[in-house]
Every structure is written in structure tokens, then in C-alpha cells.
Amino acid sequence: MQSYLHTTMELDNSQKLNPELVKIMLQEAYEALPTLMTKLAPRGWKRSTFHKELMDTRRLYYKDYLKSIKKSKKRPPAELPRKDDEDDFDPDQMSMEEYLYIIFPPFHNDKLELFYILSCLLLEITLVSNLYRADDPDFYHFDERKFEDTVFQIAYQNKEISKEWADVMVFSYPVPFLDEIELHYCLEILFNILKKQGFQLIYWHDELLFIAQQQEKYAELLYAGLEDQGKEQKRERILASIQLVLHAFDKGTIDPLNLSAIINLYNRYEICPIVLAYLHVYGEFPKGYPYRLEHYGE
């Protein structure tokens with residue numbers, strides 16, 4: 001079987017997008033927030049499920065923190081010297097806002113809560129897929145490490161947070177759930193931004209990539225220097241991992257090693273929201289859709 005990382009549409013040749021270009025795209029995403037907010041939260045952001053879910057996550061983080069403090073107090077105190085001028089500090093007195101101070105988005109900022117969601121979705125587009133331009137041989141993706149810092153820069157430049165805050169903030173919260181139409185509204189904005197910059201998409205399905213990888217591992221075990229029992233146990237685990245992925249579409253009728261049949265199954269039942277939003281903006285499917293066997297294996 002051909003390696004899933006060396007197919008006709010190369011994943012491993014991808015280049016990081018120019019930071020200045022990423023900044024331009026994120027600024028355009030920020031400017032789209034008022035229009036998007038009226039679509040996602042017509043009754044007001046504070047009454048939206050997105051804000052409520054973020055607040056629930058914050059409360060969960062804070063609750064876990066208080067539990068850890070309570071647990072630490074039950075341990076014997078460390079034998080460390082104490083300075084006479086050391087300030088007394090009771091972590092139990094730290095409020096939820098104080099504890100979560102550096103996690104983006106900050107409290108009481110509706111616009112940045114939505115900006116966080118939209119930014120995460122933009123980053124997600126190239127987690128396993130690539131961007132390209134018609135006259136450029138290279139493929140591109142967002143640099144995850146620098147992406148967060150650029151989000152904070154945009155927030156600072158638009159006077160949403162201070163420079164000191166922008167220098168210390170981090171991403172941590174899971175993205176709130178969006179239903180199909182809500183996700184479509186967000187992706188439509190993002191693909192219009194990408195299209196404006198001349199980018200198109202080479203789309204890969206993460207589950208098909210995983211299945212192809214697992215099938216490759218299964219085949220390699222034929223030549224592995226293991227006892228027969230050890231090989232069989234590993235192969236059974238691989239088959240189980242593939243069947244777990246397929247469970248939503250197939251109840252055991254398709255051979256988990258038949259990549260062609262699995263791809264046909266996905267073409268029939270699995271249309272990713274990214275594909276639909278791309279079709280709506282560009283008027284055509286992205287490269288890589290419909291799914292084809294030669295893109296994932298032989």
C-alpha cells in the first residue's frame with residue numbers, strides 16, 4: 001500500500017503561510033464579527049448557547065482549580081524556610097476571573113468570544129488540508145504556534161485588550177458547539193476571506209487519512225519481527241480502531257481493510273461542512289472531493 005503521506009496531493013510539502021498575510025485575514029475576520037453576530041445570536045450574545053457554553057467551561061476550569069487547592073491542603077506542608085516579609089496568599093481567595101485571567105477570550109467581551117470561535121475555525125481548515133494558489137506550486141497551512149499570537153495582536157490593535165494582556169494570553173477553551181447552519185455561516189465568511197487572497201483548498205478527510213494509516217500499519221505487521229500471537233493482537237487492535245471510526249456509517253458490513261469500499265461509503269454519506277461552504281463560495285468542490293482511492297492509497 002502506498003503511504004498516505006505521499007499521495008498525488010502532497011501533505012508533507014506544505015509551507016507555513018506568511019505571518020503578514022495571516023494578520024490581514026484575521027483582521028478581515030474581526031471586521032466581519034458584527035454581521036456574523038446578528039446571524040448567530042439574534043437575541044443577543046449573552047443569551048446565546050455559545051456564551052453559555054464558554055461560561056460553563058470557565059466554571060469547570062475554576063471548579064477543578066478549587067478541587068486541586070483543597071487536595072493540596074490535605075498534604076503535609078513542605079519543610080521550606082519562610083521569609084519574614086513574604087506576603088500571605090490564600091489561593092481560595094482567587095476569583096474565577098483572576099484565575100482565568102490569561103485565557104483568551106477574556107471575560108465580558110462578546111466580540112472577542114466570537115472572534116475566538118471564528119479564529120479557531122480558520123485554523124482548523126488547514127489542520128489536515130492545504131491551501132494553494134493557481135500559479136503557485138507550493139501548498140500552505142496556518143502555523144499553529146504563531147497563529148494564537150496573531151489573534152492576540154489583532155485584538156490589541158483593535159483596542160479590545162492591552163499590550164500586556166496580549167503578551168501573556170493563551171488559547172485553552174474548546175470551541176462551543178455550532179449546528180450545521182451556524183457552522184456554515186462562519187465557514188462562508190472564512191472562505192470568502194481566503195478566496196479574496198487567491199487561495200483554493202485541497203481537502204483531506206481526517207478519518208480517511210487515519211483509516212489509510214491504520215491499514216498501512218496492519219500490512220506492515222506481516223513483516224514485523226514479532227511472535228504470531230503478538231502480531232495477531234496488534235492486528236485485532238488496528239481493526240477495532242477502524243471499525244470504531246466506521247461505526248457511525250456502517251454496522252459491520254464493510255471490510256475494514258477495503259479502502260475502496262470505505263471511500264465509496266464516505267462519498268455517499270459523509271459531506272463535510274467545509275466542503276459545502278467551499279462549494280457555496282467558490283461554485284465548485286475543492287480538490288480532493290469527491291474522495292478518490294488514489295488520494296489515500298492504492
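I call a residue buried when its relative accessible area is under 20%, exposed when over 50%, and partly exposed in between, with a 1.4 Å probe and protein chains only. This is a predicted model, where local features need pLDDT of at least 70 and side-chain atom pairs count only at pLDDT 80 or more, while totals for chains, interfaces and linings use all residues. Residues are numbered from 1 along each chain as its sequence is written, and side-chain values use heavy atoms, with hydrogens and water left out.

Entry, whole chain. I looked up burial: 45% of the 298 residues are buried. I then listed helices (DSSP H or I, at least four residues) and strands (E, at least two), both numbered from the N terminus. The chain has 13 helices and 6 strands.

Entry, core. I took a nonpolar core as buried Ala, Val, Leu, Ile, Met, Phe, Trp, Tyr and Cys residues joined through side-chain atoms within 4.5 Å. The largest one has 90 residues, and L17, F104, F115, F142, F191, L194 and Y296 touch the most other members. Helix α5 (residues 110–125) gives the most to this core, with 11 residues.

Entry, L17. I counted a contact as heavy atoms within 4.5 Å. Neighbours within four places in sequence set aside, L17 is in contact with V22, M25, L131, Y140, H141, F142 and F199. For the chain, I noted that residues 24 or more positions apart account for 75% of the contacts with a separation of 6 or more.
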